[in-house]
Amino acid sequence: MEHRTIAILSPGDMGGGVGAALASHGHDVITCVAGRSQATQARAERLGFRPAADLEALVAEADIVLSILPPESAMDLARDVAAAMRRSGHAPPYADCNAISPETARAIGDLFDGVGAPFIDGGIIGWAPRPGGPPTRFYVSGEAAGHMDVLDGKGISVRRVGAEVGCASAVKMCYASITKGTNALHTAAMTVADALGVGDTVRAEIGESLPAIMKHMRGTIPRLPADAGRWVGEMDEIASTYASAGVTPRFHQGAAEMYRLLDSTPYGRETRETMDTARTLEATISACLQNLPTRDAAE
């Protein structure tokens, strides 16, 4: 059966983009924004998502539920949705598409065992779907992963990676540990260089010997504060994933600290829609310096 009514929780940047792509291909996209911020409610209305009064009403109509939100909220939402399924007597497939560790994915899957809802472990890589852009990759795993095929080819590339819950989350964790972990390292290095008074020299050397990295840092670091607060939890999940494999979690515990620092700057109040796209790397690092806890303590 092709799923026609797809529930998106929640319509943030990624969830909104996914829902808009699915709606443009004829699917009925529903969501529940009761108790959410005005910005989230306005985004859902702007995108044309059909509102459900509450989670019970949402699961009663949905053919599949996609959970797309910051990882620290994934467990609580899953628990609430499972309870709503029990009350409604309708248990559609539930896909957790959040940046969580394999262990967290399995724990969330356990919530749906007694409800009868097929559980899909998912991991999203790439920007939100947009017209003319490359497909957003949805890695999925678990015995119920086939339910996600309805998304394939609609601004989304669905890729199955195993029959076990946790495989898709492992792909996401390893990938993001490189991308977001590297961006955190770059930010840390530039902050230290400026703190020690050699920032201009270090940037000049990187520009000369590693021009591609310098270009990447100039294009990426000023944009990080808008997302930094959402990525702290992701770094914590990556650290947990590393620890489960017997590898040190300290790389990404440190990355979490750098994203907390970026979020603490005035630029951390920006969103992707409101960020100053003309801001320089130097201005961003200067704001980090002003918010270093060690500097506050020294002063």
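This is a predicted model: local features need pLDDT of at least 70, side-chain atom pairs count only at pLDDT 80 or more; totals for chains, interfaces and linings use all residues.
The lining of the largest pocket consists of 18 nonpolar, 13 polar and 12 charged residues.

**The pocket.** The volume of the largest pocket is about 1300 Å³. Select D13, D227, R230, W231 and R272: of the 43 lining residues, these are the closest to the centre of the pocket. Next, colour the elements that each give two or more residues to the lining, namely α1 (13-24), α2 (38-47), β6, α6 (167-195), α8 (211-220) and α9 (225-244). Which of these elements provides the largest share of the lining? Helix α6 does, with 6 residues.

**The sheet.** Now display the strands. They include an open sheet of 8 strands with mixed pairing, in the order β3-β2-β1-β4-β5-β6-β7-β8. At its edges, select β3 (50-51) and β8 (156-160), each of which pairs on one side only. From β3, move to strand β2 (residues 28-31): these two strands run parallel and are joined by 2 bridges.

**An aromatic pair.** The structure contains 4 aromatic pairs. For one of them, select Y94 and F119, which are stacked, with 6.4 Å centre to centre and 15° between the planes. What does this pair tie together? Y94 belongs to strand β5 and F119 to strand β6, so the pair links parts that are 25 residues apart in sequence.

**A cis peptide bond.** Finally, select L9 and S10. The peptide bond from L9 to S10 is cis, with omega near 10°. Where does S10 lie? S10 is found in the loop between β1 (5-9) and α1.

Methods: Residues are numbered from 1 along each chain as its sequence is written. Side-chain values use heavy atoms; hydrogens and water are left out. Two strands pair if DSSP finds at least two bridges between them. Helices (H or I, at least four residues) and strands (E, at least two) are DSSP runs, numbered from the N terminus. On a 1 Å grid over the protein atoms alone, a cavity is a set of points where a 1.4 Å probe fits but cannot get out, and a pocket is an open set with protein on both sides within 12 Å along at least five of seven lines; lining residues have an atom within 4 Å of a point. Grid points are joined across faces, edges and corners, and a volume is the space filled by probe spheres set on the points. Ala, Val, Leu, Ile, Met, Phe, Trp, Tyr, Cys and Pro count as nonpolar, Asp, Glu, Lys and Arg as charged, and the others, Gly among them, as polar. Rings of Phe, Tyr and Trp (its six-membered ring) pair if their centres lie within 6.5 Å; planes under 30 degrees apart count as stacked, over 60 as edge-to-face and the rest as tilted.
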